[in-house]
Amino acid sequence: AEGCIMARICHTNKCPVGITTQNEALRKRFSGTPENVVTFFQFVADEVRHILARLGVKSLDQIIGKSEILKCRENINLKKLKSMDVSYLLKTSAPSSDRSWLNHGPTTSISLPFDDQLLSDNEVLSAIENH
């Protein structure tokens, strides 16, 4: 979308085409518009909602870990897939009401956005409040 080269480093703040970064030098490389990126992700979210509705669930949290709905497509005839074993993905485990494993902390190492850094400085905060 919008020039993405699928570098798969979106979460590192080092996007080589400037789409997913706060680094001004990298952002200059982005030739698209932020509005187009937002529109793209709105379409992705809409498609995900439609798929979830077809599966009879309301959220991704309800479907994560539900391997019983997966099935292997047998009609694909590709050489690189002949030795691939996905049976471990299709095995179902005993159902559990404990889904606490879905809740985890932040997954990125990106530092605070610049405005948050500024607002954490007492002098800046004081200047704003006293202006």
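Helices are DSSP runs of H or I with at least four residues, strands are DSSP runs of E with at least two, and both are numbered from the N terminus. By this rule Val48 lies in helix α2. The model is predicted: local features need pLDDT of at least 70, side-chain atom pairs count only at pLDDT 80 or more, and totals for chains, interfaces and linings use all residues. Residues are numbered from 1 along each chain as its sequence is written, and side-chain values use heavy atoms, with hydrogens and water left out.

**Segment before α1**

- Met6 is in the segment before α1 (24-27), and its phi is near 55 degrees, a positive value in a residue other than glycine.
- Met6 is exposed, with a relative accessible area of 56%; exposed means over 50%, buried under 20% and partly exposed in between (1.4 Å probe, protein chains only).
- Asn13 is also found in the segment before α1, with a positive phi near 70 degrees, again in a residue other than glycine.

**Surroundings of Thr21**

- Thr21 has its place in the segment before α1 and is buried, with a relative accessible area of 5%.
- A polar atom of the Thr21 side chain lies 3.0 Å from the backbone oxygen of Asn13.
- The side chain of Thr21 also reaches the backbone nitrogen of Asn23, at 3.0 Å.
- A polar contact is a pair of N or O atoms within 3.5 Å; within protein, one must be able to donate a hydrogen and the other to accept it, and residues adjacent in sequence count only if both atoms are side-chain atoms.
- With neighbours within four places in sequence left aside, Thr21 is in contact (heavy atoms within 4.5 Å) with Asn13, Lys14, Cys15, Leu26 and Arg27.

**Nonpolar surface patch**

- Phe40, Phe41, Val44, Val48, Leu60, Ile64 and Trp101 make a nonpolar surface patch of about 620 Å².
- Patch residues have over 30% relative accessible area and no salt bridge; nonpolar side chains (Val, Leu, Ile, Met, Phe, Trp, Tyr) are joined within 5 Å, like charges within 9 Å.
- A salt bridge is a side-chain nitrogen of Lys or Arg within 4 Å of a carboxyl oxygen of Asp or Glu.
- Helix α2 (residues 34-55) gives the most to this patch, with 4 residues.
- Val48 is partly exposed, with a relative accessible area of 31%, and Phe40 is partly exposed at 35%.

**Aromatic pair**

- The count comes to 1 aromatic pair.
- Phe40 and Phe41 form an edge-to-face aromatic pair, 5.1 Å centre to centre with 75 degrees between the planes.
- Rings of Phe, Tyr and Trp (its six-membered ring) pair if their centres lie within 6.5 Å; planes under 30 degrees apart count as stacked, over 60 as edge-to-face and the rest as tilted.

Technical notes
Accessible areas come from the Shrake-Rupley method with a 1.4 Å probe; for residues, only the protein chains shown count as cover.
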